[in-house]
Amino acid sequence: MSGLKWIGATLGWSLGGPIGAIIGLALGSIGDAFADGKGTLLGDGQPKQQRPKYRTRPDYRTQQQKRAQTTSGDFEVSLLILASVVIKADGSQDQRELDYVRMKFVEMYGKDRANKAFRLFKQINNQSINTRQVCLQIKTMMDHAARLQLLHFLFGIAQADEIVIDEEERQIYTIAGYLGISSRDYNSIKAMFYNQSDNAYKILEIDKTATVDQIKRAYRKMVMKYHPDRVEHLGDEHKQGAEAKFRQVQKAYEQLQKERGF
């Protein structure tokens, strides 16, 4: 399969801006091309001149409309780039973190597509990435639920070697800020990867002093925020990935039910 057909859905807004430049350089390094040899781009059946080149600046004035058009491919390349940033946060690359990226991609996309994605990932890893520019493009073009899913994946990478070091956590925190993710959302997702006594409260974004009614309201709110259907537009592979995060919310609520006896 030639070009980037293996991404599944065609790339949308990620063909432009800093992400498009990074992907274009990575493709050039592995001798690949956007075209499939038939005058189309990414195999989507559209002539090249009808689609922007990867160095084109996205039209942020129509960001709300573009967000609705975020594809599985847009999410995938954003994930590859941010995963590279986190893995290099401590100045070295732990094989367990690289294995985690590969494993998660196999789970989401299958072995063949994951192998192709990891080939691209290696080339991205060789580049110097402006994290702020990349994140601002994602923030502008990607909806909130998908950005939360990106953050969840990044914590999984950092924990793959069984410990989240300070440099990795600081990098993820910085990314979250650039992505426009609130501190409450950040701490909620972070708590899913730590074994601490107050994790259930943090996941539900409440204090230990919360009443039973407040816990119930918080749970209903988090169910709506983290429900896998919120990322349904990205494809089944990402909806399935979001289920892990959703189960953590359910587990936190059940833990508090047991502790509080309601």
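Residues are numbered from 1 along each chain as its sequence is written. Because the model is predicted, local features need pLDDT of at least 70 and side-chain atom pairs count only at pLDDT 80 or more, while totals for chains, interfaces and linings use all residues, and side-chain values use heavy atoms, with hydrogens and water left out.

The secondary structure comprises 12 helices and zero strands, where helices (H or I, at least four residues) and strands (E, at least two) are DSSP runs numbered from the N terminus. Of the 262 residues, 50% count as buried, a term that means under 20% relative accessible area, with exposed over 50% and partly exposed in between (1.4 Å probe, protein chains only). Asp236, which lies in helix H12 (residues 236–260), has 54% relative accessibility and therefore counts as exposed.

Helix H7 (residues 144–158) and helix H8 (residues 166–178) pack at an angle of about 170°, with their axes 10 Å apart; axes are lines fitted to C-alpha atoms, for helices over the stretch in contact, and angles run from 0 to 180 degrees between N-to-C directions. The two helices are therefore roughly antiparallel, the class for angles over 145 degrees. Their contact (heavy atoms within 4.5 Å) involves Leu151, Leu154, Phe155 and Ala158 of H7 and Glu168, Ile172, Ile175 and Ala176 of H8.

Technical notes:
Parallel < 35°, antiparallel > 145°, perpendicular 65-115°, else oblique.
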